[in-house]
Amino acid sequence: MSRLPELYVAVDVEADGPIPGPYSMISLGMAVAGRPDLSFYTELRPISDDFDPKALAVSGLDRERLLREAPAAEEAMSAAARWVDGLRGIGRPVFLAAPAVWDGMFVHWYFMRFAGKSPFGATGSGIDLRSYWMGMTGSEWAGTRKGAVKHALGLDGLPHTHHAGEDAAELAQIFEAVVRHRGGTAE
């Protein structure tokens, strides 16, 4: 029996503040690099009354609408965990973000708090695009912004919209191009 391939699950989060707990993850998007047919998106009902108006404005999401209409964090994160676990029939999901510290902090905390465990493992570890690019190219940290990576790969026209689903798909495309540039395959 052959070993299933790694599936690089690009993850993007929009939040209404700088850390989970006191503030809320308000949307979550995931997309598999090399597989545009495999994606997940959910909005989430805020978990606290605290929010930073500037952080909230980045996503363009309406907090009052989220409070009325978005699924509770337990429901959203359980659905997200089921989606990631469902990928196991075709591969081994690997968390991917840019930056992994920001998105990973929210995603891991939310999975642990609201789903009881993370489908990405007990540590929530994964690939950080910026670190990967730095190691691959020898560039300095300042040269690893997503825009700089996109420019180096000729992906300048690929939009970054601050919609978690669209930005996860963007990251999946960037990582696929990075791996091709390196000479490998992203699935």
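Modeller: A helix here is a DSSP run of H or I with at least four residues, a strand is a run of E with at least two, and both are numbered from the N terminus. The model is predicted: local features need pLDDT of at least 70 and side-chain atom pairs count only at pLDDT 80 or more, while totals for chains, interfaces and linings use all residues. Residues are numbered from 1 along each chain as its sequence is written, and side-chain values use heavy atoms, with hydrogens and water left out.

Colleague: Which element gives the most to the lining of the largest pocket?

Modeller: Strand E1 does, with four residues. The elements that each supply at least two residues of this lining are E1, helix H1 (53-59), H4 and H6.

Colleague: What makes it a pocket, and what makes a residue part of the lining?

Modeller: On a 1 Å grid over the protein atoms alone, a pocket is an open set of points with protein on both sides within 12 Å along at least five of seven lines, and a lining residue has an atom within 4 Å of a point. The volume of the largest pocket is about 320 Å³. It is lined by 16 residues, and the closest to its centre are Asp12, Pro99, Trp102, His160 and His162. By class, the lining has seven nonpolar, three polar and six charged residues.

Colleague: Why does His162 count as partly exposed?

Modeller: Buried means under 20% relative accessible area and exposed over 50%, with partly exposed in between (1.4 Å probe, protein chains only). His162 has 31%, so it falls in the middle class. This histidine is in the loop between H6 and helix H7 (164-182). His162 also has a positive phi of about 65 degrees, although it is not a glycine.

Colleague: How do you know that Gly126 belongs to that class as well?

Modeller: Gly126 has 45% relative accessibility, and therefore counts as partly exposed. Its place is in the loop between helix H4 (100-115) and strand E5 (127-128). Gly126 and Pro36 are 90 residues apart in sequence, and their C-alpha atoms are 20 Å apart in space.

Colleague: Why is Lys150 called buried?

Modeller: Its relative accessibility is 9%, so Lys150 counts as buried. Lys150 sits in helix H6 (residues 146-152). Contact means heavy atoms within 4.5 Å. Leaving aside neighbours within four places in sequence, Lys150 is in contact with residues including Leu155, His160, Glu170 and Ile174.

Colleague: What makes the pair of Lys150 and Glu170 a polar contact?

Modeller: The rule asks for N or O atoms within 3.5 Å; within protein one must be able to donate a hydrogen and the other to accept it, and residues adjacent in sequence count only if both atoms are side-chain atoms. The side chains of Lys150 and Glu170 are 2.8 Å apart at this contact, so the distance passes the cut-off.

Colleague: How do you know that E4 and E5 pair?

Modeller: Two strands pair if DSSP finds at least two bridges between them. E4 and E5 have two bridges and run parallel, so they qualify. In this pair, Ala97 stands opposite Asp128.

Colleague: What makes E3 and E5 edge strands?

Modeller: The five strands form an open sheet in the order E3-E2-E1-E4-E5, with mixed pairing. E3 and E5 each pair on one side only.

Colleague: Which partners does E1 have, and in what sense does it run with each?

Modeller: E1 runs parallel to strand E4 (residues 92-97), with five bridges, and antiparallel to E2, with seven. Glu6 stands opposite Arg92 in the E4 pair, and Ala15 opposite Met25 in the E2 pair.

Colleague: Why is E1 said to be largely enclosed?

Modeller: E1 (residues 6-15) is largely enclosed by the rest of the structure because nine of its 10 residues are buried.

Colleague: What can be said of the hairpin of E2 and E3?

Modeller: Strands E2 (residues 25-32) and E3 (residues 35-43) are antiparallel, with six bridges. Ala31 stands opposite Ser39. Two residues lie between the strands, and Gly34 takes a positive phi near 80 degrees.

Methods:
On a 1 Å grid over the protein atoms alone, a cavity is a set of points where a 1.4 Å probe fits but cannot get out, and a pocket is an open set with protein on both sides within 12 Å along at least five of seven lines; lining residues have an atom within 4 Å of a point. Grid points are joined across faces, edges and corners, and a volume is the space filled by probe spheres set on the points. Ala, Val, Leu, Ile, Met, Phe, Trp, Tyr, Cys and Pro count as nonpolar, Asp, Glu, Lys and Arg as charged, and the others, Gly among them, as polar.
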